[in-house]
Amino acid sequence: MFQAFARSLAQFDDPRVRAVVWKSLAGALLSFAILAILFWYLGGWVASGLAHWVDWVAHAGTILLTLVLVWFLFPVAVTAVASFFLDEVAEAVEERYYPGRPAPRSQSLAAQLLGTLRFAAVALFLNLVLVPIYLILLVFPPLYLVVFYAVNGYLLGREYFELVAYRRLDERTADAMRRAYRGRLTLAGMVIAVMLTIPVFNLVAPIAATAFALHLFEAMRQERPRGGSRVAG
């Protein structure tokens, strides 16, 4: 896992990866700007016709709500925005470290969008359900961190694994591999969640996470499953 992480960071010297960084950054900033504007006008609409101080409180509340949502859902939001460009990162990693591989499986745009939306919906629902627990656990910071990183570790480990695995394996085979390595993938997802909560670095963390997941996937494929053979593809 340490070698996979080191290689994922080394990938940033690739011009194609740096191009994805700029596109992901622009998309994330645009998404959060739109969210902030929507909440701002929502606060104004709710407070319309009421006293001036109510309007001020409503707008302050929308700003606070935006910050809270960004804090709790940032890993999911950044992943959703960057996911449209991450296949380019996977291609760059494969060309550098795993040359000679056949072309990846063809996935329709509809299938890719469905997968992204499915993950975003599950992650959003689970994190929203856990927001009250998060708030309570803020009183106990160590326990809060355990719950936060465990939940997002599972979600992110699964998402990034599927992102790279579905390029090479059919869904049934990839899902079987994911279940066999769920512990390792959850741990990898926790590493990704930590990356996504580091200021500044979190803007490029989805790109590093994709390279990280691809290296882990390739290592898993080379391991001989108990009672079976290596996974081809």
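Trainee: Does Arg168 count as buried or exposed, judged by its relative accessibility?

Mentor: Buried means under 20% relative accessible area, exposed over 50%, and partly exposed in between (1.4 Å probe, protein chains only). At 8% relative accessibility, Arg168 counts as buried. This is a predicted model, in which local features need pLDDT of at least 70 and side-chain atom pairs count only at pLDDT 80 or more, while totals for chains, interfaces and linings use all residues. Residues are numbered from 1 along each chain as its sequence is written, and side-chain values use heavy atoms, with hydrogens and water left out.

Trainee: With which residue does Arg168 form a salt bridge?

Mentor: Side chains of opposite charge can pair when their charged atoms come close. The criterion for a salt bridge is a side-chain nitrogen of Lys or Arg within 4 Å of a carboxyl oxygen of Asp or Glu. Arg168 meets it with Glu94, the closest N and O atoms being 2.9 Å apart. The pair links distant parts of the chain, 74 residues apart: Glu94 is in helix H4 (residues 86-97), and Arg168 is in the loop between helix H6 (141-165) and helix H7 (171-180). Helices (H or I, at least four residues) are DSSP runs numbered from the N terminus. Glu94 also counts as buried, because its relative accessibility is 7%.

Trainee: Which residues are linked with Glu94 and Arg168 in a network of salt bridges?

Mentor: Asp87 and Arg167 join Glu94 and Arg168 in that network. The structure as a whole holds 13 salt bridges.

Trainee: How is the salt bridge between Asp14 and Arg16 to be read?

Mentor: The closest N and O atoms of Asp14 and Arg16 are 2.9 Å apart. Asp14 counts as buried at 9% relative accessibility, whereas Arg16, at 37%, counts as partly exposed.

Trainee: Where do Arg178 and Asp175 lie?

Mentor: Both lie in helix H7, 3 residues apart, about one turn of the helix. Arg178 is buried at 12% relative accessible area, and Asp175 is buried at 19%. Leaving aside residues up to four places away in sequence, Arg178 touches Arg158, Phe161, Glu162 and Leu185, where contact means heavy atoms within 4.5 Å.

Trainee: At what angle do H6 and H7 pack?

Mentor: Axes are lines fitted to C-alpha atoms over the stretch in contact, and angles run from 0 to 180 degrees between N-to-C directions. H6 and H7 pack at about 145 degrees, with their axes 10 Å apart. Arg158, Phe161, Glu162 and Ala165 in H6 meet Ala174, Asp175, Met177 and Arg178 in H7. By class, this contact has 4 nonpolar, no polar and 4 charged residues. Here Ala, Val, Leu, Ile, Met, Phe, Trp, Tyr, Cys and Pro count as nonpolar, Asp, Glu, Lys and Arg as charged, and the others, Gly among them, as polar.

Trainee: How do the axes of H4 and helix H9 cross?

Mentor: The axes of H4 and H9 (residues 205-222) come within 9 Å and cross at roughly 50 degrees. That makes H4 oblique to H9, given that angles under 35 degrees count as roughly parallel, over 145 as roughly antiparallel, 65 to 115 as roughly perpendicular and the rest as oblique. Among the residues in contact are Val89, Val93 and Glu94 of H4, with Ile207, Leu214 and Glu218 of H9. The contact of H4 with H9 has 9 nonpolar, 2 polar and 2 charged residues. Glu94 therefore takes part in this helix contact and, being buried at 7%, also in the salt bridge with Arg168.

Terms used
Helices (H or I, at least four residues) and strands (E, at least two) are DSSP runs, numbered from the N terminus.
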